[in-house]
Amino acid sequence: MSDLFIHPELRFHSYGTWLRRRFGCNVSKVNVDGGFTCPNRDGSRGTGGCIYCDNASFSPGGTVPDKSIELQMAEGMAYHRQRLGSEKFIVYFQKFTNTYAPVARLRDLYTRALSHPDVVGISVGTRPDALADEALELLADLAREHYVCIELGLQSMDDAILERINRGHTLDEYLRTVDRIAGRGIALCTHLIYGFPGETREGFLKTAHLLAGLPVDSVKLHQLHAVQGTRLAELYLRREFVPITLAEYVTTACDFLELLPPRIAVQRLYGSAPLAIRVAPTWNLKNNQMWYAIVNELRRRGTWQGCRLDREQCRAGNL
């Protein structure tokens, strides 16, 4: 386990560690709601959104569009300063599709976020089918002086699954958007989910091979979970969706990490929803508990991120 990217205790490339190296201090992401919608909801691409989508399931309670960006940032920074001792921040435009607006509005929101002296960059969540040339040019321009990350939702590389979950885009659209982003000084994060109906472990693990050949800088992975008010919850209640087990998720996440190149940082390995709206699965774990469940499994195996890319070293357990 000699790769400089790999955290010696975690056994994978931690994004938090990368941020500390890059900026020389503790850096936290502060979520904000810019009041965006989604082309898969308003009819331009589809209606109803993805079958699992309820932004309340993964957004902090203080991020609501009737609060100014500045107020949301101030509250998030205060929380992370107290909780983690963070000194600098990345403002994360998270809810829905955060490039899906006229470029003048995007410029206003992004530049207001970047104007704070403790903000080192922005992270913008979007879809492969909602990144117009004007928005990409704006982000590339901002990236000349600031850290800018586009968080691109792929979720699955299987077009049949993407259609089944009403995702509204294809793998080819994702690949073309990655190609458009590449070489523009913008960091790229890909979002993935494991556990879709009809998905196999073998099929999901092909995604690691896909990412290995792309200019992806980081990845977010979490299990599929159902929350109230979604079509996935309805499928669960009709027994048409059976969530994966915790053991299956931990095993597959470790398999995925072993196939993922060490240069790709890991931003997330678990998703949780507020108890009030959670339907299934009910693992009741905090993010750090899931991280260490995965770490402990890697330790048990004697493996680490990317080790299957060097099979001889991995088989030898040469740490």
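Accessible areas here come from the Shrake-Rupley method with a 1.4 Å probe, and with that in hand I looked up the surface of this predicted model: the accessible surface of the chain comes to about 14,100 Å², of which carbon and sulfur atoms hold 50%.

Overall form. I counted eleven helices and nine strands in the chain. I then looked up the radius of gyration, which is 19 Å against the 20 Å that the globule rule gives for 319 residues, so the chain is as compact as a globular protein of that length. Along the principal axes, the C-alpha atoms fill a box of roughly 55 × 50 × 40 Å. I noted that 53% of the 319 residues count as buried, and that, among contacts with a separation of 6 or more, 80% are between residues 24 or more positions apart.

Charges. I found 38 positive and 35 negative side chains, with the centres of the two sets 4 Å apart.

Helix H6. In this helix, residues 171–181, I listed Leu-171, Glu-173, Tyr-174, Thr-177, Val-178 and Ile-181 as buried. Viewed down the axis of H6, these buried residues fall within an arc of 160°, so they line one face of the helix. Their packing partners are helix H4 (133–142), strand E4 (147–155), helix H5 (159–164), strand E5 (187–194) and helix H7 (201–212). After H6 comes Gly-183, with a positive phi near 80°.

Gln-305. I placed this residue in the loop between helix H10 (287–301) and helix H11 (311–316), and its relative accessible area is 0%, so Gln-305 is buried. Leaving aside neighbours within four places in sequence, I recorded its contacts, among them Ile-6, Arg-11, Phe-12, His-13, Glu-258 and Pro-261.

Definitions and conventions:
Residues are numbered from 1 along each chain as its sequence is written. This is a predicted model: local features need pLDDT of at least 70, side-chain atom pairs count only at pLDDT 80 or more; totals for chains, interfaces and linings use all residues. Side-chain values use heavy atoms; hydrogens and water are left out. Buried means under 20% relative accessible area, exposed over 50%, partly exposed in between (1.4 Å probe, protein chains only). Helices (H or I, at least four residues) and strands (E, at least two) are DSSP runs, numbered from the N terminus. The arc is that of the directions from the helix axis to the C-beta atoms. Contact means heavy atoms within 4.5 Å. The radius of gyration is taken over C-alpha atoms; the globule rule is 2.2 Å times the number of residues to the power 0.38. Lys and Arg count as positive and Asp and Glu as negative; His and the chain ends are not counted. The place of a charge is taken as NZ of Lys, CZ of Arg, CG of Asp or CD of Glu.
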